[in-house]
Amino acid sequence: MIKNERQYLITKAQVSRFVRTLEGLNEEAGVHPLILKAQKEAVRSQLSGLEADLREYESLKAGRFKLDQLKTVKEIPILLIKARIAQGLSQKDLAERLGLKEQQIQRYEATDYASARLSRIREVAGALGVGE
């Protein structure tokens with residue numbers, strides 16, 4: 001899952017590299033056809049996953065998000081990240097709402113809130129207006 005603009009830009013660059021790699025595989029000389037086919041399938045698989053991540057992030061950035069997507073408690077961190085993105089907030093914006101440093105939100109999101117206390121998760125949810 002793409003969690004911020006930096007990751008989004010990195011993923012876009014990766015997609016471009018995979019597309020160029022895939023185009024280059026068509027020109028491979030001296031490679032056995034089965035190996036070439038396997039290489040193409042591997043690149044397409046990676047490309048497909050990255051493109052799905054981009055579409056999801058772009059959809060969230062456009063504000064398309066439903067709170068009722070939560071199925072289990074394990075999904076709460078992802079729900080919070082998606083809600084932040086869908087509201088057009090950066091990690092810095094959320095940190096400011098909570099009176100924290102941006103790096104703290106980055107750490108929370110990088111670890112899917114593994115180190116956050118329940119009270120902090122409730123504060124984040126409140127700052128995002130979810131779970132009320």
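I began with exposure terms. Buried means under 20% relative accessible area, exposed means over 50%, and partly exposed is in between (1.4 Å probe, protein chains only). I noted that this is a predicted model, where local features need pLDDT of at least 70, side-chain atom pairs count only at pLDDT 80 or more, and totals for chains, interfaces and linings use all residues. Residues are numbered from 1 along each chain as its sequence is written, and side-chain values use heavy atoms, with hydrogens and water left out.

**Entry: salt bridges**

I searched the whole structure and found five salt bridges. The term stands for a side-chain nitrogen of Lys or Arg within 4 Å of a carboxyl oxygen of Asp or Glu.

I took lysine 61 and glutamate 5. Their closest N and O atoms are 3.3 Å apart. Lysine 61 lies in helix H2 and glutamate 5 in helix H1 (residues 5-25), so this pair ties together parts that are 56 residues apart in sequence. Is each partner buried or exposed, or in between? Lysine 61 has 40% relative accessibility, so it counts as partly exposed. Glutamate 5 is partly exposed too, at 36%.

Next I checked glutamate 56 and lysine 82. They meet in a salt bridge of 2.9 Å, N to O. Glutamate 56 belongs to H2 and lysine 82 to helix H3 (residues 76-86), so the bridge ties together parts 26 residues apart in sequence. Glutamate 56 is partly exposed, at 27%. Lysine 82 is buried, at 15%.

Then I turned to glutamate 109 and arginine 84. Their closest N and O atoms are 2.7 Å apart. Glutamate 109 sits in helix H5 (residues 102-110) and arginine 84 in H3, so the two tie together parts 25 residues apart in sequence. Both glutamate 109 and arginine 84 are buried.

**Entry: lysine 40**

I found lysine 40 in helix H2 (residues 33-61). Which side chain of opposite charge is nearest to lysine 40? The answer is glutamate 41, 9.8 Å away. For charges, Lys and Arg count as positive and Asp and Glu as negative, while His and the chain ends are not counted. Lysine 40 is buried yet has no salt bridge. I then listed its contacts (heavy atoms within 4.5 Å). Leaving aside neighbours within four places in sequence, lysine 40 touches Leu22, Leu25 and Asn26.

Leucine 22 counts as buried, at 16% relative accessibility. Beyond four places in sequence, its contacts are Lys40, Val43, Arg44 and Leu47. Leucine 22 and valine 43 are 21 residues apart in sequence and 6.5 Å apart in space, C-alpha to C-alpha.

Phenylalanine 18 also lies in helix H1. Phenylalanine 18 is partly exposed, at 24%. With neighbours within four places in sequence left out, it contacts Val43, Gln46, Leu47 and Leu50.

**Entry: helix H4**

Which residues of helix H4 (residues 91-98) are buried? I listed Gln91, Leu94, Ala95 and Leu98. Down the axis of H4, these buried residues fall within an arc of 100°, so they line one face of the helix. That arc is taken from the directions from the helix axis to the C-beta atoms. The buried residues of H4 pack against H3, H5 and helix H6 (118-128). After H4 comes glycine 99, with a positive phi near 70°.

Key
Helix = DSSP H or I, 4+ residues; strand = E, 2+ residues; numbered from the N terminus.
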